[in-house]
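Trainee: I would like to learn how to read aromatic pairs and their surroundings in a model. Could we work through one together?

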Amino acid sequence: MSLDLDTPDNIAKVLTEALPYIQRFAGKTIVVKYGGNAMIDPNLQESFARDIVLLKAVGVNPIVVHGGGPQIGQLLEKLGIKSTFVDGMRVTDSATMDVVEMVLGASVNKEIVSAINRNGGKAIGVTGKDGQMIRARKLKVTRDSPGLQAPEIIDIGHVGEVEKIDVEVLNMMRSSNFIPVIAPIGVGKDGSSYNINADLVAGKLAEVLQAEKLMLLTNVEGLLNKDGKILTGLSTAQVDELIADGTIYGGMLPKISCALDAVKGGVASSHIIDGRVPHAVLLEVFTDRGVGTLITNRS
């Protein structure tokens, strides 16, 4: 049954339900990975921006990390640059990396910043290269090949993994009214740029900052059991069991692993939430029911 917000009692119920959560999370940091339909649908873009502004307004410190795979693919296609994938990761040569930086660091990042600012926030867009915030190393991909005694090492170009995060810039923004919006581009020791999976960047940031929450927006309802029902309120041990028995597999496995690693690394809770739901971030943070899967380090 839907909630009739024309009824004063129901409006009051919504507001009072949010109050203890606002009090609990004031001054805490929440890292949000923004992607999927929430980045593409104009209405969802606006609702996400308002959610982030409201979090900051009530004393929470949101940090946004964004992806942009579809937008990168579209521009590469327009430029006639063919995309090749290895284990779901885009092979990124120098020409492709130029496009990645153009899309992530410029157009997509600035669109998110503009949306937040348009809704009353004060967002600042950065990449992991700024201030050498995200130090990266080249990601090595190995694959077992018939006839070879040792796994084959595949070069996928400027694709990286997080080596180290310097949070000095983020700490300055956390202590101010500014909201960081981060493009997941890291810098190597030699100054080379690396494209890094946004989920992994968000997870590492949450861990290094010892954030209260890591929130990963997806295009699914959350983690489902074998009967198709949403699982939530999971401990790390329960998630490990679900991976072992095959309940978690395929495309959901890397995302869940990222959320699990963050919690094991000291983040209070990780959330896999449905970004297709308007105001999904606020619903997950400030209501009893939420809109996705919660993984916690509390027994």
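Trainee: Is Y34 buried or exposed?

Mentor: Bear in mind that this is a predicted model, in which local features need pLDDT of at least 70, side-chain atom pairs count only at pLDDT 80 or more, and totals for chains, interfaces and linings use all residues. Residues are numbered from 1 along each chain as its sequence is written, and side-chain values use heavy atoms, with hydrogens and water left out. Buried means under 20% relative accessible area, exposed over 50%, and partly exposed in between, with a 1.4 Å probe and protein chains only. Y34, at 4% relative accessibility, counts as buried.

Trainee: How many aromatic pairs are there?

Mentor: Rings of Phe, Tyr and Trp (its six-membered ring) pair if their centres lie within 6.5 Å, and planes under 30 degrees apart count as stacked, over 60 as edge-to-face and the rest as tilted. By this rule there are 2 aromatic pairs. One of them is Y21 with F25, stacked at 6.4 Å centre to centre with 25° between the planes.

Trainee: Where do Y21 and F25 lie?

Mentor: An α-helix has 3.6 residues a turn, so residues three or four places apart point the same way. Helices (H or I, at least four residues) and strands (E, at least two) are DSSP runs, numbered from the N terminus. Both Y21 and F25 belong to helix α1 (residues 8-25), 4 residues apart, about one turn of the helix. Y21 is buried at a relative accessible area of 19%, and F25 is buried at 2% relative accessibility.

Trainee: Why is the pair of Y34 and F48 stacked?

Mentor: The ring centres of Y34 and F48 are 3.8 Å apart and their planes are at 5°, so the pair counts as stacked. Because Y34 lies in strand β1 (residues 29-34) and F48 in helix α3 (residues 42-57), the pair ties together parts that are 14 residues apart in sequence.
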